[in-house]
Amino acid sequence: MSIKGKACIVGAYEHPLRKAPDKSVAQIHAEVAKGALEDAGLKKDDIDGYFCAGDAPGANVWSMANYMNLKLRHVDSTDMGGCSYLVHVAHAAQAIAAGKCNIALVTLAGRPNSEGSSGTQVRDRGVNLPDAPYEMPYSPVTVNLYAMVAMRHMHEYGTTSEQLAWVKVAASHHAQHNPNAMLRNLVTVEEVVNSPMISDPLHRLDCCVVSDGGGAVIVARPEIAKKLKRPLVKITGAGETTKGQMGGKVDLSYSGAVWTGPRAFEEAGIKPSDIKYASIYDSFTITVVMQIEDLGFCKKGEGGKFVADGNLISGSGKFPFNTDGGGLCNNHPANRGGMTKIIEAVRQLRGEAHPKVQVKNCDLALAHGTGGALGHRHGSATLIMERE
Amino acid sequence: MATPYQERKLRDPALNPGDQPYFDAAAEGKLMLKKCRDCGEYHHYPRGLCPHCFSDKVEWVQAKGTGEIYTYSVTRRGGPVPYCIAYVTLDEGVKMMTNIVDCDLDTIRIGQKVKVVFRKTEGGASVPMFALAS
Ligand SMILES: [Zn+2]
(Lines give C-alpha, C1' and ligand atoms only; values in the text may rest on other atoms or scores of the structure.)
Protein backbone atom coordinates (compact mmCIF):
# COMPACT_ATOMS: atom_id res chain seq x y z
CA MET A 1 0.00 0.00 0.00
CA SER A 2 1.28 3.46 -0.88
CA ILE A 3 0.50 6.60 1.09
CA LYS A 4 0.53 8.70 -2.07
CA GLY A 5 -2.38 11.12 -1.91
CA LYS A 6 -3.95 9.34 1.08
CA ALA A 7 -3.52 12.26 3.50
CA CYS A 8 -2.94 16.02 3.57
CA ILE A 9 -1.24 18.46 5.93
CA VAL A 10 -4.11 20.76 6.86
CA GLY A 11 -2.62 22.71 9.75
CA ALA A 12 0.85 23.98 10.62
CA TYR A 13 2.07 26.27 13.36
CA GLU A 14 5.47 27.34 14.64
CA HIS A 15 5.81 28.79 18.13
CA PRO A 16 7.04 32.41 17.91
CA LEU A 17 9.23 32.27 21.04
CA ARG A 18 12.92 31.34 20.99
CA LYS A 19 13.33 31.73 24.76
CA ALA A 20 10.44 30.71 26.98
CA PRO A 21 11.69 30.40 30.58
CA ASP A 22 8.22 31.00 32.03
CA LYS A 23 6.36 28.36 30.03
CA SER A 24 6.33 24.64 30.79
CA VAL A 25 7.25 22.22 28.01
CA ALA A 26 3.73 20.79 28.27
CA GLN A 27 2.20 24.23 27.79
CA ILE A 28 4.31 24.85 24.68
CA HIS A 29 3.15 21.48 23.25
CA ALA A 30 -0.45 22.54 23.89
CA GLU A 31 0.05 26.05 22.47
CA VAL A 32 1.45 24.73 19.19
CA ALA A 33 -1.42 22.21 18.99
CA LYS A 34 -3.89 25.08 19.45
CA GLY A 35 -2.08 27.13 16.81
CA ALA A 36 -2.16 24.30 14.27
CA LEU A 37 -5.86 23.65 14.93
CA GLU A 38 -6.67 27.34 14.38
CA ASP A 39 -4.57 27.31 11.20
CA ALA A 40 -6.56 24.33 9.93
CA GLY A 41 -9.95 25.59 11.09
CA LEU A 42 -10.48 22.53 13.30
CA LYS A 43 -11.42 21.99 16.96
CA LYS A 44 -9.51 20.01 19.56
CA ASP A 45 -12.15 17.29 19.73
CA ASP A 46 -11.79 16.69 15.98
CA ILE A 47 -8.39 15.07 16.71
CA ASP A 48 -8.52 11.27 16.88
CA GLY A 49 -4.80 10.49 16.36
CA TYR A 50 -1.85 11.88 18.31
CA PHE A 51 1.88 11.62 17.61
CA CYS A 52 4.74 12.86 19.78
CA ALA A 53 8.38 11.88 20.44
CA GLY A 54 11.02 11.95 23.17
CA ASP A 55 10.68 15.71 23.71
CA ALA A 56 7.17 15.19 25.12
CA PRO A 57 7.15 15.14 28.94
CA GLY A 58 7.64 11.54 30.06
CA ALA A 59 8.62 10.54 26.50
CA ASN A 60 5.21 8.91 26.15
CA VAL A 61 1.88 9.76 24.52
CA TRP A 62 -0.35 9.71 27.57
CA SER A 63 1.18 12.62 29.50
CA MET A 64 0.48 15.16 26.77
CA ALA A 65 -2.77 13.47 25.71
CA ASN A 66 -3.85 13.84 29.34
CA TYR A 67 -2.70 17.49 29.55
CA MET A 68 -4.67 18.37 26.42
CA ASN A 69 -7.52 16.00 27.33
CA LEU A 70 -7.55 14.31 23.92
CA LYS A 71 -9.89 11.48 22.95
CA LEU A 72 -7.87 9.20 20.73
CA ARG A 73 -8.17 6.04 18.69
CA HIS A 74 -4.65 6.03 17.26
CA VAL A 75 -1.33 6.89 19.00
CA ASP A 76 2.35 6.76 18.04
CA SER A 77 5.36 7.85 20.09
CA THR A 78 8.08 6.80 17.65
CA ASP A 79 11.29 8.56 18.64
CA MET A 80 13.79 9.18 15.87
CA GLY A 81 15.41 12.21 17.45
CA GLY A 82 15.22 15.33 15.32
CA CYS A 83 13.53 13.62 12.37
CA SER A 84 10.73 12.06 14.47
CA TYR A 85 8.11 14.49 13.15
CA LEU A 86 8.75 13.61 9.50
CA VAL A 87 8.30 9.97 10.46
CA HIS A 88 5.12 10.92 12.36
CA VAL A 89 3.58 12.60 9.31
CA ALA A 90 4.32 9.50 7.22
CA HIS A 91 2.94 7.21 9.92
CA ALA A 92 -0.14 9.43 10.26
CA ALA A 93 -0.73 9.09 6.50
CA GLN A 94 -0.40 5.31 6.85
CA ALA A 95 -2.85 5.25 9.75
CA ILE A 96 -5.34 7.41 7.85
CA ALA A 97 -4.99 5.21 4.77
CA ALA A 98 -5.63 2.15 6.93
CA GLY A 99 -8.73 3.72 8.50
CA LYS A 100 -7.19 3.97 11.97
CA CYS A 101 -7.81 7.71 12.36
CA ASN A 102 -9.06 10.75 10.41
CA ILE A 103 -7.31 13.77 11.89
CA ALA A 104 -3.87 13.37 13.45
CA LEU A 105 -1.99 15.91 15.55
CA VAL A 106 1.84 15.94 15.74
CA THR A 107 3.55 18.17 18.34
CA LEU A 108 7.12 19.15 19.27
CA ALA A 109 8.27 21.46 22.07
CA GLY A 110 11.27 22.06 24.26
CA ARG A 111 13.32 24.62 26.15
CA PRO A 112 17.03 23.80 25.67
CA ASN A 113 17.82 27.53 25.52
CA SER A 114 16.29 28.23 28.94
CA GLU A 115 17.79 25.02 30.30
CA GLY A 116 21.33 25.86 29.15
CA SER A 117 21.82 22.96 26.71
CA SER A 118 24.91 22.91 24.50
CA GLY A 119 26.23 20.73 21.70
CA THR A 120 29.58 20.47 23.48
CA GLN A 121 28.12 18.74 26.56
CA VAL A 122 28.35 14.98 27.03
CA ARG A 123 24.69 13.97 27.24
CA ASP A 124 23.44 11.29 29.56
CA ARG A 125 21.76 8.92 27.15
CA GLY A 126 20.14 6.51 29.57
CA VAL A 127 20.84 3.03 30.89
CA ASN A 128 21.45 -0.40 29.33
CA LEU A 129 23.03 1.09 26.20
CA PRO A 130 25.24 -1.57 24.62
CA ASP A 131 27.55 0.96 22.97
CA ALA A 132 28.05 3.31 25.96
CA PRO A 133 30.99 1.51 27.67
CA TYR A 134 32.92 1.63 24.39
CA GLU A 135 32.18 5.29 23.61
CA MET A 136 31.40 7.44 26.64
CA PRO A 137 34.96 7.45 28.08
CA TYR A 138 36.03 9.21 24.85
CA SER A 139 33.62 12.18 25.37
CA PRO A 140 31.56 12.01 22.19
CA VAL A 141 29.36 15.12 22.00
CA THR A 142 27.00 16.26 19.29
CA VAL A 143 29.43 18.64 17.64
CA ASN A 144 32.47 16.34 17.51
CA LEU A 145 30.44 13.44 16.08
CA TYR A 146 29.37 15.68 13.19
CA ALA A 147 32.86 17.19 13.00
CA MET A 148 34.35 13.73 12.35
CA VAL A 149 31.92 13.36 9.44
CA ALA A 150 32.99 16.74 8.07
CA MET A 151 36.69 15.90 8.49
CA ARG A 152 36.27 12.65 6.54
CA HIS A 153 34.20 14.41 3.84
CA MET A 154 36.99 16.95 3.37
CA HIS A 155 39.54 14.13 3.16
CA GLU A 156 37.61 12.00 0.67
CA TYR A 157 36.10 14.71 -1.54
CA GLY A 158 38.15 17.86 -1.02
CA THR A 159 35.26 19.75 0.57
CA THR A 160 36.44 23.05 2.10
CA SER A 161 35.46 25.13 5.13
CA GLU A 162 34.51 27.93 2.74
CA GLN A 163 32.06 25.65 0.94
CA LEU A 164 30.49 24.59 4.24
CA ALA A 165 30.28 28.26 5.23
CA TRP A 166 28.06 28.99 2.23
CA VAL A 167 25.30 26.92 3.86
CA LYS A 168 25.25 29.32 6.82
CA VAL A 169 25.51 32.35 4.55
CA ALA A 170 22.45 31.20 2.59
CA ALA A 171 20.50 30.53 5.79
CA SER A 172 21.32 34.04 7.01
CA HIS A 173 20.02 35.53 3.75
CA HIS A 174 16.68 33.88 4.50
CA ALA A 175 16.63 34.58 8.24
CA GLN A 176 16.96 38.36 7.69
CA HIS A 177 13.32 38.30 6.55
CA ASN A 178 12.05 36.24 9.50
CA PRO A 179 11.17 38.51 12.45
CA ASN A 180 11.18 35.51 14.83
CA ALA A 181 14.61 34.19 13.81
CA MET A 182 17.31 34.08 16.51
CA LEU A 183 20.09 35.22 14.14
CA ARG A 184 18.84 37.82 11.64
CA ASN A 185 22.15 39.39 10.61
CA LEU A 186 23.62 38.53 7.24
CA VAL A 187 26.93 36.71 7.59
CA THR A 188 29.75 36.25 5.08
CA VAL A 189 31.92 33.22 4.31
CA GLU A 190 34.81 35.03 6.01
CA GLU A 191 32.78 35.56 9.18
CA VAL A 192 31.89 31.87 9.32
CA VAL A 193 35.43 30.57 8.83
CA ASN A 194 36.82 33.17 11.25
CA SER A 195 34.33 32.34 14.01
CA PRO A 196 35.82 30.32 16.91
CA MET A 197 36.73 26.71 16.13
CA ILE A 198 34.50 24.48 18.26
CA SER A 199 35.59 21.06 17.04
CA ASP A 200 37.80 20.79 13.93
CA PRO A 201 36.68 21.55 11.24
CA LEU A 202 33.38 22.99 12.54
CA HIS A 203 33.33 26.63 13.65
CA ARG A 204 30.74 28.23 15.88
CA LEU A 205 28.84 29.49 12.83
CA ASP A 206 28.81 25.99 11.29
CA CYS A 207 26.51 25.00 14.18
CA CYS A 208 22.77 25.49 14.57
CA VAL A 209 21.26 27.70 17.26
CA VAL A 210 19.99 26.41 20.62
CA SER A 211 16.41 27.62 21.03
CA ASP A 212 13.21 27.07 22.93
CA GLY A 213 9.92 26.75 21.14
CA GLY A 214 8.10 24.15 19.14
CA GLY A 215 5.71 23.42 16.35
CA ALA A 216 2.78 21.29 15.32
CA VAL A 217 1.15 19.95 12.19
CA ILE A 218 -2.22 18.35 11.57
CA VAL A 219 -2.63 15.55 9.04
CA ALA A 220 -6.09 14.69 7.75
CA ARG A 221 -7.97 12.53 5.29
CA PRO A 222 -8.24 14.28 1.86
CA GLU A 223 -12.05 14.39 2.01
CA ILE A 224 -11.77 16.37 5.25
CA ALA A 225 -8.93 18.53 3.91
CA LYS A 226 -11.02 19.60 0.90
CA LYS A 227 -13.67 21.09 3.20
CA LEU A 228 -11.16 23.23 5.08
CA LYS A 229 -10.65 26.21 2.71
CA ARG A 230 -6.84 25.97 2.92
CA PRO A 231 -4.48 25.21 0.02
CA LEU A 232 -4.35 21.43 -0.34
CA VAL A 233 -0.94 19.99 0.63
CA LYS A 234 -0.90 16.28 -0.17
CA ILE A 235 1.64 13.80 1.15
CA THR A 236 2.91 11.84 -1.84
CA GLY A 237 5.99 9.96 -0.67
CA ALA A 238 8.05 9.07 2.37
CA GLY A 239 11.07 7.09 3.47
CA GLU A 240 12.54 6.26 6.88
CA THR A 241 15.55 4.30 8.07
CA THR A 242 18.42 4.15 10.52
CA LYS A 243 22.13 3.87 9.85
CA GLY A 244 24.82 2.89 12.32
CA GLN A 245 28.36 1.63 12.68
CA MET A 246 27.64 -1.63 10.83
CA GLY A 247 29.34 -3.83 13.38
CA GLY A 248 32.59 -1.90 13.06
CA LYS A 249 32.53 -1.37 9.27
CA VAL A 250 31.99 2.32 9.97
CA ASP A 251 31.50 4.46 6.85
CA LEU A 252 30.91 8.13 7.58
CA SER A 253 30.84 9.16 3.92
CA TYR A 254 27.06 8.82 3.56
CA SER A 255 23.86 8.99 5.60
CA GLY A 256 20.58 7.08 5.71
CA ALA A 257 19.26 9.55 3.12
CA VAL A 258 20.76 7.31 0.42
CA TRP A 259 17.95 4.88 1.26
CA THR A 260 15.08 7.19 2.31
CA GLY A 261 15.44 9.54 -0.65
CA PRO A 262 15.01 6.96 -3.44
CA ARG A 263 12.07 5.31 -1.62
CA ALA A 264 10.28 8.63 -1.18
CA PHE A 265 10.91 9.73 -4.77
CA GLU A 266 9.71 6.38 -6.10
CA GLU A 267 6.51 6.50 -4.04
CA ALA A 268 5.81 10.05 -5.20
CA GLY A 269 6.63 9.12 -8.79
CA ILE A 270 9.07 11.99 -9.23
CA LYS A 271 12.82 12.61 -9.45
CA PRO A 272 15.03 14.93 -7.40
CA SER A 273 15.19 17.56 -10.16
CA ASP A 274 11.38 17.96 -9.98
CA ILE A 275 11.59 19.43 -6.44
CA LYS A 276 10.98 23.20 -6.31
CA TYR A 277 11.80 23.74 -2.63
CA ALA A 278 13.66 21.63 -0.06
CA SER A 279 13.82 21.80 3.72
CA ILE A 280 17.09 20.08 4.60
CA TYR A 281 18.03 19.28 8.19
CA ASP A 282 20.74 21.70 9.22
CA SER A 283 22.06 20.82 12.65
CA PHE A 284 25.46 21.68 11.16
CA THR A 285 26.56 22.90 7.75
CA ILE A 286 28.00 19.46 6.92
CA THR A 287 24.59 17.88 7.57
CA VAL A 288 23.15 19.86 4.65
CA VAL A 289 26.01 19.10 2.27
CA MET A 290 25.89 15.37 2.93
CA GLN A 291 22.10 15.08 2.68
CA ILE A 292 21.94 17.07 -0.56
CA GLU A 293 24.35 14.51 -2.02
CA ASP A 294 22.63 11.49 -0.54
CA LEU A 295 19.17 12.57 -1.69
CA GLY A 296 20.51 12.79 -5.24
CA PHE A 297 20.40 16.55 -5.81
CA CYS A 298 24.04 16.35 -6.87
CA LYS A 299 26.70 13.66 -7.29
CA LYS A 300 28.35 12.14 -4.21
CA GLY A 301 31.28 14.28 -3.16
CA GLU A 302 30.11 17.36 -5.07
CA GLY A 303 27.92 18.77 -2.30
CA GLY A 304 30.54 21.35 -1.37
CA LYS A 305 30.62 22.77 -4.89
CA PHE A 306 26.81 22.54 -5.10
CA VAL A 307 26.14 24.71 -2.04
CA ALA A 308 28.84 27.30 -2.80
CA ASP A 309 28.38 30.74 -4.31
CA GLY A 310 24.84 31.28 -3.08
CA ASN A 311 23.20 28.31 -4.82
CA LEU A 312 20.95 27.72 -1.78
CA ILE A 313 19.66 31.32 -1.62
CA SER A 314 16.03 31.70 -2.64
CA GLY A 315 15.63 34.02 -5.60
CA SER A 316 19.22 33.93 -6.82
CA GLY A 317 20.31 30.32 -6.33
CA LYS A 318 19.06 27.24 -8.17
CA PHE A 319 18.27 25.22 -5.03
CA PRO A 320 16.33 27.30 -2.46
CA PHE A 321 16.49 25.66 0.97
CA ASN A 322 15.32 26.42 4.52
CA THR A 323 13.72 29.75 3.65
CA ASP A 324 12.78 30.40 7.29
CA GLY A 325 16.49 30.54 8.18
CA GLY A 326 16.49 26.91 9.31
CA GLY A 327 18.17 25.55 12.38
CA LEU A 328 21.32 27.48 11.53
CA CYS A 329 19.63 30.88 12.03
CA ASN A 330 15.95 30.62 12.90
CA ASN A 331 15.37 28.02 15.60
CA HIS A 332 16.01 24.43 16.68
CA PRO A 333 13.37 23.80 19.33
CA ALA A 334 14.10 20.90 21.72
CA ASN A 335 17.36 20.41 19.75
CA ARG A 336 15.13 18.77 17.13
CA GLY A 337 14.75 20.45 13.76
CA GLY A 338 12.39 18.10 11.92
CA MET A 339 9.11 19.84 12.71
CA THR A 340 10.18 23.26 11.46
CA LYS A 341 11.43 21.61 8.26
CA ILE A 342 7.87 20.40 7.55
CA ILE A 343 6.28 23.71 8.53
CA GLU A 344 8.40 25.81 6.16
CA ALA A 345 7.75 23.35 3.31
CA VAL A 346 4.00 23.72 3.97
CA ARG A 347 4.34 27.52 3.91
CA GLN A 348 6.16 27.32 0.58
CA LEU A 349 3.53 25.02 -0.95
CA ARG A 350 0.71 27.30 0.25
CA GLY A 351 2.51 30.40 -1.04
CA GLU A 352 2.66 31.68 2.54
CA ALA A 353 6.44 32.00 2.95
CA HIS A 354 7.86 35.51 3.30
CA PRO A 355 7.50 37.23 -0.10
CA LYS A 356 11.28 37.81 -0.25
CA VAL A 357 11.95 34.05 -0.08
CA GLN A 358 8.77 32.54 -1.56
CA VAL A 359 9.62 30.17 -4.43
CA LYS A 360 7.51 30.90 -7.51
CA ASN A 361 4.93 28.26 -8.47
CA CYS A 362 6.07 26.04 -5.65
CA ASP A 363 3.94 22.94 -6.11
CA LEU A 364 6.41 20.20 -5.10
CA ALA A 365 8.51 20.23 -1.95
CA LEU A 366 10.72 17.89 0.02
CA ALA A 367 11.54 17.87 3.71
CA HIS A 368 14.36 15.72 5.02
CA GLY A 369 15.52 15.15 8.57
CA THR A 370 18.23 13.47 10.60
CA GLY A 371 18.08 12.32 14.21
CA GLY A 372 20.90 11.26 16.48
CA ALA A 373 24.42 11.81 15.15
CA LEU A 374 25.72 11.16 11.64
CA GLY A 375 29.03 10.14 13.26
CA HIS A 376 27.68 7.06 15.04
CA ARG A 377 23.97 6.19 14.94
CA HIS A 378 21.26 8.18 13.25
CA GLY A 379 17.74 8.13 11.91
CA SER A 380 16.82 9.55 8.51
CA ALA A 381 13.41 10.51 7.17
CA THR A 382 12.26 12.02 3.88
CA LEU A 383 8.84 13.46 3.10
CA ILE A 384 7.53 14.64 -0.25
CA MET A 385 4.54 16.96 -0.44
CA GLU A 386 2.59 18.31 -3.39
CA ARG A 387 0.15 21.18 -3.67
CA GLU A 388 -2.93 20.26 -5.63
CA MET B 1 50.54 27.28 17.39
CA ALA B 2 50.34 23.95 19.10
CA THR B 3 47.76 22.16 21.19
CA PRO B 4 49.67 19.92 23.58
CA TYR B 5 47.89 16.80 24.78
CA GLN B 6 46.59 17.14 28.34
CA GLU B 7 45.12 14.44 30.57
CA ARG B 8 41.46 14.91 31.51
CA LYS B 9 38.98 13.11 33.75
CA LEU B 10 37.43 10.22 31.84
CA ARG B 11 33.93 8.90 32.41
CA ASP B 12 33.72 5.40 33.78
CA PRO B 13 32.29 2.84 31.39
CA ALA B 14 28.77 1.82 32.50
CA LEU B 15 29.16 -1.92 32.06
CA ASN B 16 26.41 -4.27 31.01
CA PRO B 17 26.55 -8.04 31.53
CA GLY B 18 29.13 -9.41 29.08
CA ASP B 19 31.37 -6.33 29.04
CA GLN B 20 33.72 -7.24 31.92
CA PRO B 21 36.25 -9.39 29.97
CA TYR B 22 37.03 -6.48 27.63
CA PHE B 23 37.89 -4.20 30.53
CA ASP B 24 39.70 -6.94 32.47
CA ALA B 25 41.94 -7.44 29.43
CA ALA B 26 42.40 -3.69 29.03
CA ALA B 27 43.67 -3.57 32.62
CA GLU B 28 46.39 -6.01 31.49
CA GLY B 29 47.24 -3.85 28.47
CA LYS B 30 45.36 -5.95 25.91
CA LEU B 31 42.88 -4.69 23.31
CA MET B 32 40.22 -7.32 22.68
CA LEU B 33 37.84 -7.79 19.77
CA LYS B 34 34.99 -10.17 19.23
CA LYS B 35 35.35 -12.61 16.32
CA CYS B 36 32.65 -14.89 14.92
CA ARG B 37 33.49 -18.57 14.63
CA ASP B 38 30.75 -19.08 12.02
CA CYS B 39 31.34 -16.27 9.51
CA GLY B 40 34.89 -15.37 10.56
CA GLU B 41 34.18 -11.64 10.82
CA TYR B 42 35.47 -9.38 13.59
CA HIS B 43 33.08 -6.85 15.06
CA HIS B 44 33.19 -3.89 17.46
CA TYR B 45 31.72 -2.80 19.87
CA PRO B 46 31.57 -6.35 21.29
CA ARG B 47 28.24 -8.15 21.29
CA GLY B 48 26.84 -11.49 22.40
CA LEU B 49 25.55 -12.17 18.89
CA CYS B 50 27.49 -11.59 15.67
CA PRO B 51 26.04 -8.45 13.99
CA HIS B 52 26.93 -9.89 10.58
CA CYS B 53 25.42 -13.42 10.67
CA PHE B 54 23.62 -13.47 14.06
CA SER B 55 25.60 -16.49 15.27
CA ASP B 56 26.09 -16.73 19.02
CA LYS B 57 29.49 -18.39 18.51
CA VAL B 58 31.45 -15.20 19.10
CA GLU B 59 34.74 -15.26 20.99
CA TRP B 60 37.23 -12.77 22.40
CA VAL B 61 40.49 -12.47 20.49
CA GLN B 62 43.37 -10.11 21.18
CA ALA B 63 43.84 -7.40 18.57
CA LYS B 64 47.32 -6.43 17.41
CA GLY B 65 46.68 -2.95 18.76
CA THR B 66 47.80 -1.14 15.64
CA GLY B 67 45.87 0.72 12.99
CA GLU B 68 45.38 4.05 11.28
CA ILE B 69 43.25 7.13 11.82
CA TYR B 70 40.01 7.01 9.78
CA THR B 71 38.74 10.37 10.99
CA TYR B 72 39.16 12.65 13.99
CA SER B 73 38.22 15.98 15.51
CA VAL B 74 39.95 18.09 18.13
CA THR B 75 37.21 19.49 20.38
CA ARG B 76 38.45 22.88 21.54
CA ARG B 77 35.40 24.24 23.39
CA GLY B 78 33.17 22.81 26.05
CA GLY B 79 35.59 20.59 27.92
CA PRO B 80 38.10 21.73 30.52
CA VAL B 81 40.89 20.86 28.04
CA PRO B 82 41.02 20.20 24.28
CA TYR B 83 40.83 16.53 23.32
CA CYS B 84 40.89 14.50 20.12
CA ILE B 85 38.08 12.06 19.40
CA ALA B 86 38.65 9.68 16.49
CA TYR B 87 37.73 6.51 14.71
CA VAL B 88 40.72 4.23 14.20
CA THR B 89 40.73 1.44 11.61
CA LEU B 90 42.41 -1.50 13.31
CA ASP B 91 44.65 -3.82 11.30
CA GLU B 92 41.92 -6.46 11.80
CA GLY B 93 39.64 -4.25 9.67
CA VAL B 94 37.15 -2.91 12.20
CA LYS B 95 36.88 0.73 13.19
CA MET B 96 36.57 1.82 16.81
CA MET B 97 35.79 5.11 18.48
CA THR B 98 38.69 6.31 20.63
CA ASN B 99 40.85 9.27 21.60
CA ILE B 100 44.26 10.15 20.15
CA VAL B 101 46.73 11.04 22.91
CA ASP B 102 50.37 11.91 23.69
CA CYS B 103 51.05 14.33 20.83
CA ASP B 104 50.50 17.89 19.66
CA LEU B 105 46.82 17.58 18.75
CA ASP B 106 47.30 20.03 15.87
CA THR B 107 49.56 17.54 14.07
CA ILE B 108 46.97 14.73 13.89
CA ARG B 109 45.92 13.74 10.37
CA ILE B 110 43.72 11.12 8.71
CA GLY B 111 45.79 8.10 7.66
CA GLN B 112 48.41 8.35 10.39
CA LYS B 113 49.57 5.02 11.87
CA VAL B 114 48.68 4.58 15.52
CA LYS B 115 49.24 2.08 18.33
CA VAL B 116 47.14 1.33 21.37
CA VAL B 117 47.90 2.78 24.81
CA PHE B 118 45.72 2.65 27.92
CA ARG B 119 44.33 5.34 30.18
CA LYS B 120 42.48 5.10 33.48
CA THR B 121 38.97 6.48 33.97
CA GLU B 122 37.95 8.29 37.17
CA GLY B 123 36.93 5.02 38.81
CA GLY B 124 40.08 3.17 37.71
CA ALA B 125 38.86 1.26 34.64
CA SER B 126 41.36 0.97 31.79
CA VAL B 127 40.25 2.12 28.36
CA PRO B 128 42.14 1.83 25.06
CA MET B 129 43.31 5.00 23.36
CA PHE B 130 45.83 5.50 20.57
CA ALA B 131 49.15 7.29 20.17
CA LEU B 132 50.96 8.08 16.93
CA ALA B 133 53.11 5.08 15.95
CA SER B 134 56.12 6.93 14.56
ZN1 LIG C 1 29.12 -14.09 12.15
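View 1. A:Leu295 is buried, with a relative accessible area of 3%; here buried denotes under 20% relative accessible area, exposed over 50% and partly exposed the range in between, with a 1.4 Å probe and protein chains only. The model is predicted, so that local features need pLDDT of at least 70 and side-chain atom pairs count only at pLDDT 80 or more, while totals for chains, interfaces and linings use all residues. Residues are numbered from 1 along each chain as its sequence is written, chains are lettered from A and ligands numbered from 1 in the order in which they are written, and side-chain values use heavy atoms, leaving out hydrogens and water. A:Leu295 belongs to the loop joining α9 (285-294) and α10 (303-307) of chain A; helices (H or I, at least four residues) and strands (E, at least two) are DSSP runs numbered from the N terminus. Leaving aside residues up to four places away in sequence, the residues touched by A:Leu295 include A:Phe265, A:Pro272, A:Ile280 and A:Leu366, contact being heavy atoms within 4.5 Å. From A:Leu295 to A:Phe319 the C-alpha to C-alpha separation is 13 Å, and the two are 24 residues apart in sequence.

**View 2. The interface of chain A and chain B.** In this interface, 40 residues of chain A are in contact with 45 residues of chain B. About 3400 Å² is buried between the two chains, 56% of it on carbon and sulfur atoms; buried area is the accessible area (1.4 Å probe) that two parts lose on being put together, summed over both. A:Tyr134, A:Tyr138 and A:Met148 supply 25% of the area that chain A buries against chain B, more than any other three residues.

**View 3. The salt bridge of B:Glu41.** B:Glu41 forms a salt bridge with A:Lys249, with 3.0 Å between the closest N and O atoms. The count between chain A and chain B is two salt bridges, each defined by a side-chain nitrogen of Lys or Arg within 4 Å of a carboxyl oxygen of Asp or Glu.

**View 4. The sheet of chain B.** Three strands of chain B form an open sheet in the order β2-β1-β3, with antiparallel pairing; strands pair if DSSP finds at least two bridges between them. Because β2 (42-43) and β3 (58-62) stand at the edges with a single partner strand each, one side of each is left without a neighbour in the sheet. Five bridges join β1 (residues 32-36) to β3(B) in the antiparallel sense, and B:Met32 has B:Gln62 as its bridge partner in β3(B).
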